[in-house]
Every structure is written in C-alpha cells, then in structure tokens.
Amino acid sequence: MVIGVVQHDGPSPVVAYLNARLPATPEVLATAAPLKPTEIFRLAATCAEHKCPHFDGADCRLATRVASLLAPVVDRLPPCVIRRECRWYSQEGSAACMRCPQVTTVTYDVSPQTREVSGLPVIEEPLQADGLA
Ligand code: SF4
C-alpha cells in the first residue's frame, strides 16, 4: 500500500502522507517512472515478523532505532491512514510518528547515522549512463 509520496524539493526528502489508502498496484507504481517506485512512494506492508531482519522475536528493532536515533522532524502526529494498525506506532508511540516523515523506503544517504538506523548492509548499485540507478 502507498501511504505517502516522497517530496524531494527541500534539503532532504520528506514524506507527504496520503489522506486515503492507495493500493500499490502495478499501474500506480508505474507512475514513478523513470524513477523507481521506492524512490517516489512510501510503501507499507504487513509486518513480516520472523521473516524480517529487523524483528527480534518481540519488537521491530528498526522502529526502536528510528525512535531513538533520529531527531523529530514534525511537532505533531502526521495525518497517517495506517496509524491504528502501524507496528511502529503501537510499539514506539508518537516518537515514531514525529520521526517517520524523514524515513524513505530507499535512501542514497550512506552517512554513519543512516547506516546505524538502517541496521542493514549498504547495497551499492551501478549508475546508468543517465545518472539514474
Ligand atoms: S510511524 Fe506513525 S506516521 Fe509512520 S507509518 Fe506508523 S503511524 Fe504512520
């Protein structure tokens, strides 16, 4: 499901949340071209729990790192349509939401802080001739 669109017109990407649920159909995802859907859309999916490297058996460690390592970027809860079922919110409360708009599905920021928050290895992709990966 698409829950937001990543705005790239400021110093760093910020998610603008949609006010309705938008299924991530192939047609919707195709509107991101020539960029990748993950560069344009903030996507949400059912928590995979034990199939996810962030799950420790009880909690989402990514949510914990987001809430504890990132600074808040908003001072009120973003208008997010999945809050009632969001694992990050149920686990970390408003601390997750105040930081959530700066979280994008993919990032090209390989700063030490971003790596620490991610908790995953950096995947390097070759650039194409037009500069797009
Ligand atoms: S952390 Fe908050 S803003 Fe982010 S997806 Fe969950 S409910 Fe929405």
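What follows is a working chat about the predicted model shown above.

Trainee: Before we start, what kind of model is this, and how are the residues numbered?
Mentor: This is a predicted model, in which local features need pLDDT of at least 70 and side-chain atom pairs count only at pLDDT 80 or more, while totals for chains, interfaces and linings use all residues. Residues are numbered from 1 along each chain as its sequence is written.

Trainee: Okay, how many helices and strands does the protein chain have?
Mentor: The protein chain has six helices and three strands, where helices (H or I, at least four residues) and strands (E, at least two) are DSSP runs numbered from the N terminus. Read from the N terminus on, the elements come in the order β-β-α-α-β-α-α-α-α.

Trainee: And what radius of gyration does the protein chain have?
Mentor: The radius of gyration of the protein chain is 15 Å, which agrees with the value near 14 Å that a compact globule of 133 residues would have; the radius is taken over C-alpha atoms, and the globule rule is 2.2 Å times the number of residues to the power 0.38. Along the principal axes, the C-alpha atoms fill a box of roughly 45 × 35 × 30 Å.

Trainee: What share of the residues counts as buried?
Mentor: Of the 133 residues in the protein chain, 20% count as buried. A residue is buried if 20 or more other C-beta atoms lie within 10 Å of its own, exposed if 12 or fewer, and partly exposed in between, with C-beta atoms placed from the backbone.

Trainee: Which residues have the most contacts inside the largest nonpolar core?
Mentor: The largest nonpolar core has 20 residues, and those with the most contacts inside it are Ala-63, Val-66, Trp-88, Ala-96, Cys-97 and Cys-100. Such a core is a set of buried Ala, Val, Leu, Ile, Met, Phe, Trp, Tyr and Cys residues joined through C-beta atoms within 7 Å. At least two residues of this core come from each of β1 (2-7), α3 (61-69) and α5, and the largest share, four residues, comes from α3.

Trainee: Let's stay with α3, then; which of its residues are buried?
Mentor: Leu-62, Ala-63, Val-66 and Ala-67 are the buried residues of α3. They lie on the same side of α3, because they cover an arc of only 130 degrees around the axis, the arc being that of the directions from the helix axis to the C-beta atoms.

Trainee: What covers them?
Mentor: The cover over the buried residues of α3 includes α4, α5 and α6 (112-118). Ala-63, leaving aside neighbours within four places in sequence, is in contact with Arg-87, Trp-88, Gln-91, Glu-92 and Ala-96, where contact means that two C-beta atoms, placed from the backbone, lie within 7 Å. With the residues up to four places away in sequence again left out, Ala-67 touches Glu-92, Ala-95, Ala-96 and Arg-99.

Trainee: Why does Ala-67 count as buried?
Mentor: Ala-67 counts as buried because it has 20 C-beta neighbours inside 10 Å. Ala-95, by contrast, lies in helix α5 and is partly exposed, with 18 other C-beta atoms within 10 Å.

Trainee: Switching topic, what surrounds the ligand?
Mentor: The ligand is surrounded by Pro-78, Cys-80, Ile-82, Arg-83, Cys-86, Trp-88, Tyr-89, Ala-96, Cys-97 and Cys-100, and a residue is taken as near if its C-beta atom, placed from the backbone, lies within 6 Å of the molecule. Both α4 (87-92) and α5 (94-99) supply at least two residues of this shell.

Trainee: How does that shell split by class?
Mentor: The shell has nine nonpolar, no polar and one charged residues. Ala, Val, Leu, Ile, Met, Phe, Trp, Tyr, Cys and Pro count as nonpolar, Asp, Glu, Lys and Arg as charged, and the others, Gly among them, as polar.

Trainee: What about Arg-42, is that residue buried or exposed?
Mentor: Arg-42, which lies in strand β3, is buried, with 22 other C-beta atoms within 10 Å. Beyond the neighbours within four places in sequence, Arg-42 is in contact with Ile-3, Gly-4, Val-6, Val-15, Thr-104 and Thr-105.

Trainee: Last one: where is the cis peptide bond, and which residue has a positive phi?
Mentor: The peptide bond from Ala-33 to Pro-34 is cis, with omega near 10 degrees, and Pro-34 is found in the loop between α1 and α2 (37-40). Phi is positive, near 45 degrees, at Glu-49, a residue placed in the loop between β3 (41-43) and α3. As background, most residues other than glycine have a negative phi, and most peptide bonds are trans.
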